[in-house]
Amino acid sequence: DLVRELRGLADVEQRLARRLGLQRVIVVPGDADVDDTSKKEIARATARFLKEVLREGQVLAVTGGSTLAEVALSLPEESVPLGITVVPGRGGLGEDVELQANTIAAEIARRLRANYRLLHVPDDLPEEAVETVASQPQVREILDLIRRADIVLHGVGTAEEMARRRRLGPAETARLRERGAVGEAFGYYFNRQGQPVYQTASFGLRVEDLAHCGQVVVVGGGRSKAEAALAVISTGYQDVLITDEGLAWRVLELT
Ligand code: G3H
């Protein structure tokens, strides 16, 4: 806490919250772009936040990515069940299995001794097939849980990095650029104004569902993600940001 005080982190948190219209901002020291310990710090802060806010009977929806994977690893292994249900925000998005929302949701549930429901659906189905699968009762039930989650915890990435990671082809990547996509979250790519301009074909949370969810928490750090985070937060759905100084200072410069 001495570090927080010396670095004026509480002041940065308040300025950011005011400027972005967020309920709460948590800023940890460092910059995840240059130092991996910052990502771990973000994860630990997020784990503490979750333990503080989660209540029995609630539904927690989580997305994928390396930051969320760290969050899962930062949670303590509970001896008493928390009585919550964990669900993935989206099905697979064309990423490695360790980084997928399903894997992370299962690990979080294991540590919190929570119930969980997963979305086992291939992520490269043609649109008609997506509709057919989404209308099956077993899938509907999980989608209903996701769409009324009490807490949505999601990562944020730059459009460029996420397109690369998901191996989007040159035509799709060019389309993203043309449409001014700068940020990505739960399979949606957003322009600077926070408008979704492209989405990965997959199941689960849609941008408009966030209006019906409880608290929406965006987690991610590093100066390079500042524009991306701004784009995502410009949708107006986020309540809480958990980040590092690298991203925080850059956002203050940009706004
Ligand atoms: O949607 C955004 C990404 O999942 C963020 O991934 O935490 O590995 O940067 P990352």
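Which residues of α10 are buried? The legends below take up this question along with other parts of the model, which is predicted.

Figure 1. The C-alpha trace spans about 55 × 50 × 30 Å along its principal axes. A compact globule with 255 residues would have a radius of gyration near 18 Å, and the 17 Å of the protein chain agrees with this. Of the 255 residues, 55% are buried.

**Figure 2. Helix α10 and its buried residues.** The buried residues of α10 are A226, A228, A229, L230, A231, V232 and I233. Because seven of its eight residues are buried, α10 is largely enclosed by the rest of the structure. A residue counts as buried when its relative accessible area is under 20%.

**Figure 3. The packing of helix α10 against helix α11.** Helix α10 covers residues 226-233 and helix α11 covers residues 245-254. Their axes are 9 Å apart and meet at an angle of about 70°. This angle makes α10 roughly perpendicular to α11. The crossing of the two helices is right-handed. On the α10 side the contact is made by A226, E227, A229 and L230, and on the α11 side by L247, R250, V251 and L254. By class, these residues are six nonpolar, no polar and two charged. An α-helix has 3.6 residues a turn, so residues three or four places apart point the same way.

**Figure 4. The packing of helix α3 against helix α4.** Helix α3 runs over residues 36-53, and helix α4 runs over residues 66-74. They pack at an angle of about 60°, with axes 8 Å apart. The two helices are therefore oblique to each other. Their crossing is right-handed. From α3, the residues K39, K40, I42, A43, R44, T46, A47 and L50 take part, and they meet S66, T67, E70, V71 and S74 of α4. This contact has five nonpolar, four polar and four charged residues.

**Figure 5. G214 in the loop between β9 and β10.** Strand β9 is made of residues 196-199 and strand β10 of residues 215-219, with G214 in the loop between them. G214 counts as partly exposed, because its relative accessibility is 41%. In sequence, G214 and I151 are 63 residues apart, but in space they are 5.4 Å apart, C-alpha to C-alpha. Leaving aside neighbours within four places in sequence, G214 is in contact with A149, D150 and D239.

**Figure 6. R113 in the loop between α5 and β4.** Helix α5 consists of residues 101-112 and strand β4 of residues 115-116, and R113 is placed in the loop between them. The phi of R113 is near 50°, which is a positive value in a residue other than glycine. With a relative accessibility of 43%, R113 counts as partly exposed.

**Figure 7. R167 in the loop between α8 and α9.** The loop that holds R167 lies between helix α8 (159-165) and helix α9 (170-178). R167 has a phi near 55°, a positive value in a residue other than glycine. R167 counts as exposed, because its relative accessibility is 59%.

Definitions and conventions
Residues numbered from 1 in each chain as written. Predicted model: local features only at pLDDT ≥ 70, side-chain atom pairs only at ≥ 80, totals over all residues. Heavy atoms only, no water. Axes fitted to C-alpha atoms, helices over the stretch in contact; angles between N-to-C directions. Helix = DSSP H or I, 4+ residues; strand = E, 2+ residues; numbered from the N terminus. Parallel < 35°, antiparallel > 145°, perpendicular 65-115°, else oblique. Left-handed = near helix turned anticlockwise from the far one by under 90°. Contact = heavy atoms within 4.5 Å. Nonpolar A, V, L, I, M, F, W, Y, C, P; charged D, E, K, R; others polar. Rg over C-alpha atoms; globule rule 2.2 N^0.38 Å. Buried < 20%, exposed > 50% of the residue type's maximum accessible area, 1.4 Å probe, protein only.
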